[in-house]
Amino acid sequence: MTTDASLNTSGVTSPPAADFATARWRSYLRDCREILGIAETMQVSGRVTRVTGLVMEAVGLKLAVGSACTIPLSNGSRIEAEVVGFDNERLFLMPQSDVDGVVPGSRVFPVEATLSLPRPGSVDHPRRRPSDRGRHLPVGNALLGRVVDGAGRPLDNLGPLNADAAAPLSVRAANPLGRAPISETLDTGVRAINALLTVGRGQRMGLFAGSGVGKSMLLGMMARYTSADVIVVGLIGERGREVKEFIEQILGEDGLKRSAVVAAPADNPPLMRLQAAAYTTAIAEHFRDQGLNVLLIMDSLTRYAMAQREIALAIGEPPATKGYPPSVFAKLPALVERTGNGRPGGGSITAFYTVLTEGDDQQDPIADSARAILDGHIVLNRTLAEAGHYPAIDIEQSISRVMHSITSPEQGALARRLKQLTSRYQRSRDLIAVGAYTPGNDPMLDEAIALYPKIERFLQQGIHERSLMNESCGQLAALFS
């Protein structure tokens, strides 16, 4: 007779005690899953304590600056907001829309960032990387030919974007030592720029102009004629009427096919205008990382600075230079430095930023700051515009800081010669007009007087006229031959 404990008196084998324990745990876990399935999840929230002007104050949450929040309203809608500052336990929220409907004590819920998961097998899977924190918006080829707002929502009634990629709005600029140097010229299709203010691929240029001197038309010419794989346009803080005009009349159907347009008109809240500029740059960065040559046009950098000024003053930052708080002058280079060339052999972002000069004052604080951080500036002159001179580029005040390293010495010498003659003629214009100048007293002025009609024709160009780089340089050389 066997003495094995696993056999009972009837000779049937009994299951070990461990199997009973496993079965009990499985049943317990199954019950827990059922309970969790019907349980209501608890969500952390805060409440609104104050709404003053553009800023809402909330308590009960500990969120980082830049975090997204949502405030549900009684009518079923909700307001999106962003944390722009804090004071002890109080959070300062800047809404993305009007605050109509917010009542004292309205709940404030944090919004988790939507992250694209790393590829399986990568070293950081599935942990969150520091660069992935913050709000992400759609990028990629799905945006080509589309017009969206600062939150990535379509404005063109063409349906959803169906983008397969997303990018963070706020990223650090690339290591300057890892960037490829500017070594190639960029054909903008504008004769005066190609020959006298040659732009390099990956350069950041400023277009300085007052209101009504033709900057939008000049941007449209460059958007249609510039040799780039992709065009990204940011219309920041401009009139709503100008958005449709720029897209339909200036950019055109052919230009829109290879363009992504982000529009945040002047009636948008300052946070949306600020976000639209960052989103425009993020779209351009995505295409650059794909190895493409991108043309970025942002109209305007001044409206971006004004939006930051509104936010900074609303949360109590003291004004400094002509009413602009210090944070404005810290935001400008942080935005501009994200553009430019990528790594050697990769893509590039050539950026044109319009800068509004109030009262045609070139020493405006934003204009002065932008001039210092950009790689050159093109100044439009109101006197030339009023005289029918188009494009109204003031050659004397304009400069490209990389032209000497990407053009031949012969072209550089001819460009300097034309600037010298133009400057000499302008200084003596009144004397020439009244007949007070006697020919022969100044050989350079005599040459300027003889060539000035040809110089004027060379600098003028029709809106629908395209001048290639080789043609522009050839016409410059023929001017002095």
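Predicted model: local features only at pLDDT ≥ 70, side-chain atom pairs only at ≥ 80, totals over all residues.
On the α11 side, R417, L418, Q420, L421, T422, R424, Y425 and Q426 make the contact. Their partners in α13 are M444, L445, E447, A448, I449, L451, Y452, I455 and F458. Sorted by class, the contact between α11 and α13 holds eleven nonpolar, three polar and three charged residues.

Now the geometry of that pair. Helix α11 covers residues 409–427, and helix α13 covers residues 443–459. Their axes come within 9 Å of each other and cross at roughly 110°. Angles of 65 to 115 degrees count as roughly perpendicular, so α11 is roughly perpendicular to α13.

Step back to the whole chain. The protein contains 14 helices and 19 strands. It has 481 residues, and 47% of them count as buried. Take the contacts with a separation of 6 or more: 70% of these join residues 24 or more positions apart.

The largest nonpolar core has 52 residues. Within this core, L196, L218, V261, F352, I378 and I393 have the most contacts. Leaving out residues up to four places away in sequence, V261 touches R146, V147, V148, V233, L235, I247, L251 and L256. Another core lies apart from the largest one and has 51 residues. Its members include V232, Y324, I349 and Y353.

The accessible surface of the protein comes to about 24400 Å². Carbon and sulfur atoms account for 53% of that surface.

Key:
Residues numbered from 1 in each chain as written. Heavy atoms only, no water. Axes fitted to C-alpha atoms, helices over the stretch in contact; angles between N-to-C directions. Helix = DSSP H or I, 4+ residues; strand = E, 2+ residues; numbered from the N terminus. Parallel < 35°, antiparallel > 145°, perpendicular 65-115°, else oblique. Contact = heavy atoms within 4.5 Å. Nonpolar A, V, L, I, M, F, W, Y, C, P; charged D, E, K, R; others polar. Core = buried A, V, L, I, M, F, W, Y, C linked by side-chain atoms within 4.5 Å. Buried < 20%, exposed > 50% of the residue type's maximum accessible area, 1.4 Å probe, protein only. Areas by Shrake-Rupley, 256 points an atom, 1.4 Å probe, with all protein chains shown as cover.
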